[in-house]
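Please look at the sequence and the model first, then read the notes below them.

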Amino acid sequence: MAPAVFLLLVWMLVPLSMTVWFSLRSYLPLRGGDQGFVGLENFVRFVSSSAFWPSIVTTLMIVGGALLISIVFGILLAILLDQPMWGQGVVRILVIAPFFVMPTVSALVWKNMFMDPVNGLFAHLWRFFGADPVVWLSEMPIFALVVIVSWQWLPFATLILLTAIQSLDGEQMEAAEMDGAGPLSRFFYLTLPHLSRAITIVILIQTIFLLAVFAEIFVTTGGAFGTRTLTYLIYQRVLESQNVGLGSAGGVYAIILANIIALFLMRIVGKNLDR
Amino acid sequence: MARAVTSRRKALNTTLAWLVGFLIFFPILWTILTSFKTEADAIANPPVFLFFDWTLENYEVVQERSNYMRFLWNSIFIAGGSTILGLLVAIPAAWSMAFVPSRRTKDILLWMLSTKMLPAVGVLYPIYLLCIQLGVLDNRYALVVILMLINLPIIVWMLYTYFREIPGEILEAARMDGASLKDELLYVLTPMAIPGIASTLLLNFILAWNEAFWTLNLTAVDAAPLTAFIASYSSPEGLFFAKLSAASTMAIAPILILGWFSQKQLVRGLTFGAVK
C-alpha cells in the first residue's frame, strides 16, 4: 500500500503547492520572469477580468446542458433498453460506442462532417429543406459543443442508469400494475425513486469530467466565439499568454470548485463502502 | 391474447431501440464509411451512403504522409505502459486494503479518489515546468508516469472492489488443507484475482488511450500519440474529409473493440463500485 500512497501524495502535494505558490506571485516567464510576491492580487484580478464571468456562464451552460441531455435521454434510453426486445445486446453496443471514441476524434468528426457549413451533413440536410445552412460553431457555438459533449456522455449515463434499472424488483412492478397504476405513475413512484441514487452519481461524476472538458474546445473553436470555459480560460492564461501567476490563481479557484462537488460524491461513495 | 399484445410490444420496442441505437451510432458509422470514399464522394450532395467506389486510398495516404505508425506506437506505448505500471503499484495496495484492512483503509481509499477529482488544468503549469526542468517535455516515459498517476486511483479502486469479493473463508479452508503461504497465493488467490485484474487492465488502457489533456499539452512531435495526431487535423487545407475519417477510424477501431468487451467493468470502474 505504501508505494501507491506515497506516489499519489507526491503527485498531489508537489504540483498543488506549486500552483498555490505561483498564484501568490507575479510570474510572467516570457516578460520579466518572477517579479515577486503580490499577495492575493492575482485572485482579485482573475475574477475581475472581463473574461471571467462569461467563462463561468459558458461553463455552466455546457455542463448544465450536457447534464440535462444525458440524464433525461439517459433515463428514457435505459427504460427502453430494459424492455424485452430482439437483439438487445447489439443495441447496447451501438449505444455505448461513442463513449470509447477519443475526444479529439469525436470533436473533429462533428465539426467537419456534420457541422461544416458547406460540406457537412447538416448543411446538406438544411439545403434539402430549402433552408440556409447554419454555421454551427460560430452562430451557436455553445449549443454545438453541448451536442458534441452530450453525444460522448449520454452512453455513460445510459449504461449506469440501465445497470441500476435492471436491479429494480420486477415483482414490485407487477404488484403496482395489478393495483391499477398506469405507466406514468409507475415511472414516477417506482422507477424514478429507485434510480435516484444512480442519477446522483451520474450527475456528480459527469460534472467533474464536464468541468474539465478541454480537447473538444481545443480542436473546434479554440476558445473563440464565447466558448471559453473556466478550464479553457486558465489554460490560455497559463500556456498561451504565459501569465502564470494569474492562471494559477484561476487554477486554485477551479480546484476549490471541483472539491466542493467531489465532497458530495465522496459522501455517497463512502456510505456505500460501509455496506 | 396477452401473448399477442406482448409480441407486438416487443416488436415496437425492438424497432424503436434499433432506431435510437442507429442514430447514436451513426456518426461513427458515417466516419467509417467516409474513410472508404474518395474525397469527392465524401462531400457529395446528396450524400452517398453505400453505393460509391470503395477505396483504400485514404488509408495509404494517411500512412505515408503522416507517419501514422509512430503515433500509433506512441499511443500503445503510453496507454500500455501507464496501465502496466499502474497495476504494479496498485495490486499490492489494493491487496493489502482488501485483505488486511485497518481503521484508516476507508479514509485512504476516499482520499485517493479525491486526488482523481483534482482538475488537471489547476496543476498544468507546475507539471509543465517540472517536465521542462527535468528535460522530459515531449517524452513518452514522462507521459507513461503522468497517466499512470492520473489513473492510479481508479485502478486501486477497481482492484479493491474485486479483491474484496474474494471470500476470506476460502483462504482458511486452504490453510486447513495444509497449503503454505506460497501455495495460497499461487493456487488460490491469483486465479480468483485474475478476472478482476484483467478487466481493470482493459478499462484503464481505454482511459489512457483516450486521455486528451496531458497528451495534447505535453507532447509536440516525438511523443505525440493518436489524440494529438488527430488534433493536427483541426486546421485543414482543401479536401480532407475522407482522410480525416481514415485517420479517425484507425485511431478508434482498436478501442471500440476493446470497449465492447469491457462495458460491464466500465460501470463498476467509473462509479467506484457505487453502482454494480
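The notes below cover the contact between the chains, a helix pair and the cavities.

The model is predicted. Chain A and chain B bury about 8300 Å² between them, and the structure holds five cavities of 30 Å³ or more.

**Contact between the chains**

- The size of an interface is often given as the accessible area lost when the parts come together.
- Of the area of about 8300 Å² that chain B and chain A bury between them, 80% is on carbon and sulfur atoms.
- Chain B brings 96 residues to the contact, and chain A brings 87 residues.
- On the side of chain B, the residues that lose the most area to chain A are Ile24(B), Met117(B) and Tyr125(B), which together make up 8% of what that side buries.

**A helix pair in chain A**

- Helix H5 (residues 103-114) and helix H6 (residues 121-128) of chain A have axes that come within 6 Å and cross at roughly 30°.
- Angles under 35 degrees count as roughly parallel, and H5(A) and H6(A) are therefore roughly parallel to each other.
- From H5(A), Trp110(A), Met113(A) and Phe114(A) meet Leu121(A), Phe122(A) and Ala123(A) of H6(A).
- The residues of this contact of H5(A) with H6(A) are six nonpolar, no polar and no charged.

**The largest cavity**

- Rolling a probe the size of a water molecule over the atoms shows where empty space is left.
- The largest cavity holds about 1000 Å³ of space.
- It is lined by 45 residues, and the closest to its centre are Trp153(A), Phe209(A), Ala212(A), Lys116(B) and Glu211(B).
- Elements that give two or more residues to this lining include helix H8 (141-165) and helix H10 (183-211) of chain A, and helix H5 (105-116) and helix H9 (181-210) of chain B.
- H7(B) gives the most to the lining of the largest cavity, with five residues.
- By class, this lining has 36 nonpolar, six polar and three charged residues.

**The second largest cavity**

- The second largest cavity holds about 50 Å³ of space.
- Its lining includes Met113(A), Leu121(A) and His124(A) from chain A, and Trp30(B), Thr34(B) and Phe241(B) from chain B.
- H6 of chain A and helix H1 (2-34) of chain B are the elements that give two or more residues to this lining.
- The lining of the second largest cavity has eight nonpolar, four polar and no charged residues.
- Met113(A) and Leu121(A), which line this cavity, also take part in the contact of H5(A) with H6(A).

Key
Residues are numbered from 1 along each chain as its sequence is written. Chains are lettered from A and ligands numbered from 1 in the order in which they are written. This is a predicted model: local features need pLDDT of at least 70, side-chain atom pairs count only at pLDDT 80 or more; totals for chains, interfaces and linings use all residues. Side-chain values use heavy atoms; hydrogens and water are left out. Axes are lines fitted to C-alpha atoms, for helices over the stretch in contact, and angles run from 0 to 180 degrees between N-to-C directions. Helices (H or I, at least four residues) and strands (E, at least two) are DSSP runs, numbered from the N terminus. Angles under 35 degrees count as roughly parallel, over 145 as roughly antiparallel, 65 to 115 as roughly perpendicular and the rest as oblique. Contact means heavy atoms within 4.5 Å. Ala, Val, Leu, Ile, Met, Phe, Trp, Tyr, Cys and Pro count as nonpolar, Asp, Glu, Lys and Arg as charged, and the others, Gly among them, as polar. On a 1 Å grid over the protein atoms alone, a cavity is a set of points where a 1.4 Å probe fits but cannot get out, and a pocket is an open set with protein on both sides within 12 Å along at least five of seven lines; lining residues have an atom within 4 Å of a point. Grid points are joined across faces, edges and corners, and a volume is the space filled by probe spheres set on the points. Buried area is the accessible area (1.4 Å probe) that two parts lose on being put together, summed over both.
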